[in-house]
Structure formats: structure tokens, C-alpha cells
Amino acid sequence: LVPENSPALREVLPEFDFANAPVNPNEFASALVETCRKNNGLGLSANQCGFKHRVFVMGAEDNYVAFFNPKVTKTYGTKKMEEGCLSFPLLFLNIERPAEIDVEYQDFNGEKKTAQFSGISARCFQHELDHMNGIVYTNRVKPLALQQGMKKRNKLKNMVKKMDKNLKKITNGNTN
């Protein structure tokens with residue numbers, strides 16, 4: 001995955017051209033799914049891996065879907081929820097987004113599809129679509145909320161470092 005300060009995360013990705021596909025869409029989608037699973041994610045956009053293809057995957061366990069050239073066509077209501085991102089480890093922010101969405105996209109064969117999402121699926125779809133439009137979720141909060149989120153992340157990182165240090169002591173037989 002590219003680091004959070006990578007310019008790739010702030011670029012608008014071009015439409016995926018199935019007539020002149022830059023990569024095999026099915027193989028590329030499978031690789032994104034494997035990367036997403038390996039990183040315990042719910043969604044992953046191509047640019048998070050450094051690729052300029054307008055595609056993301058989302059799902060859980062054995063049920064992932066690839067969305068090529070996705071669009072939100074209609075929104076319903078709003079809801080504020082905590083979001084995280086594989087590109088911003090341990091940073092959780094409350095983001096307000098539409099609660100339900102109607103969408104259009106193409107599958108890995110280039111077939112046009114429509115769907116409706118709510119809850120975490122709507123949230124994930126919008127988060128990944130933002131990635132392809134060069135928007136990261138830190139852009140969707142006020143500066144003070146971002147600053148507070150960064151402070152919490154730093155505390156979490158320090159806790160993880162301490163835990164790693166203690167585990168190393170234990171596994172090396174040194175309990176002091």
C-alpha cells in the first residue's frame with residue numbers, strides 16, 4: 001500500500017477502458033481482493049496500491065465485489081459514522097455521508113450494473129469512490145477533529161510499540 005502522504009491518493013483516476021484494457025480486469029480485481037483481505041480491509045481502491053485504474057473492491061470474508069467506473073446516482077438521508085482507512089493506519093474519524101445510495105458500475109466483464117447500498121456497505125462504497133476522485137477522508141472533517149484524531153492515533157501507536165516491546169521481552173525469556 002502507498003503511504004498516506006503519497007500523491008497517488010490525491011489524483012482523480014481516469015475511467016477504466018474495457019475496449020483497451022490496461023490490465024486483465026478479472027486478474028486485477030482478484031489481486032485487489034487478495035491485498036484487501038491480507039490487510040484486513042473492507043474496501044481497497046486501485047490508487048491505494050499505486051495503480052491508476054478506476055476500480056475498487058469491497059466486501060468481507062469470501063464475498064468481495066469489484067466496482068469498475070462506479071458512480072453514485074442517488075442519495076438518501078445522512079448519517080455520521082466512524083471511518084478508518086488502510087492508507088491511514090489507526091486513524092479513526094467521524095464522517096457524515098449519505099445513509100443510503102443508488103449506484104451504477106461495471107463488473108470485471110464490463111457489464112453495467114446497478115445496486116442500492118445502506119449501512120456499512122454505503123459507507124465503504126462512498127469512501128472508496130472518494131479515493132478514485134482524489135479525496136481522502138481526512139478532507140471530510142474539520143481541522144480540530146482531524147487534530148484530535150491524530151492525537152488518538154499517536155496514543156494508539158505508542159501503546160502498540162509498548163506491547164511489541166513487552167512481547168519481545170517475554171519471547172526472549174526476559175521478564176524484567
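Is glutamate 83 buried or exposed? Glutamate 83 counts as buried, at 4% relative accessibility. Buried means under 20% relative accessible area, exposed over 50%, and partly exposed in between (1.4 Å probe, protein chains only).

1. **Basis.** This is a predicted model: local features need pLDDT of at least 70, side-chain atom pairs count only at pLDDT 80 or more, and totals for chains, interfaces and linings use all residues. Residues are numbered from 1 along each chain as its sequence is written, and side-chain values use heavy atoms, leaving out hydrogens and water.

2. **Sheet.** Five strands form an open sheet in the order S1-S2-S3-S4-S5, with antiparallel pairing. The edge strands are S1 and S5 (112-118), and each pairs on one side only. The twist averages 45° from one strand to the next. Strands (E, at least two residues) and helices (H or I, at least four) are DSSP runs, numbered from the N terminus. Two strands pair if DSSP finds at least two bridges between them. S3 and S4 pair over 13 bridges, in the antiparallel sense.

3. **Helix on the sheet.** Helix H2 (residues 119-132) lies across S1, S2 (55-60), S3, S4 and S5. H2 runs at about 115° to S3. Axes are lines fitted to C-alpha atoms, for helices over the stretch in contact (heavy atoms within 4.5 Å); angles run from 0 to 180 degrees between N-to-C directions.

4. **Glutamate 83 and its partner.** The side chains of glutamate 83 and arginine 123 meet in a salt bridge (2.9 Å, N to O). Salt bridges with shared partners join Glu83, Arg97, Arg123, Asp130 and Arg140 into one network. A salt bridge is a side-chain nitrogen of Lys or Arg within 4 Å of a carboxyl oxygen of Asp or Glu. The count by this rule is 10.

5. Glutamate 4 forms a salt bridge with arginine 153, with the closest N and O atoms 2.8 Å apart. Glutamate 4 sits in the segment before H1 and arginine 153 in helix H3 (residues 143-171), 149 residues apart. Glutamate 4 is partly exposed at 24%, whereas arginine 153 is buried at 4%.

6. **Positive phi.** Most residues other than glycine have a negative phi. Asparagine 69 has a phi near 50°. This asparagine 69 lies in strand S3 (residues 63-85) and is buried, with a relative accessible area of 4%.
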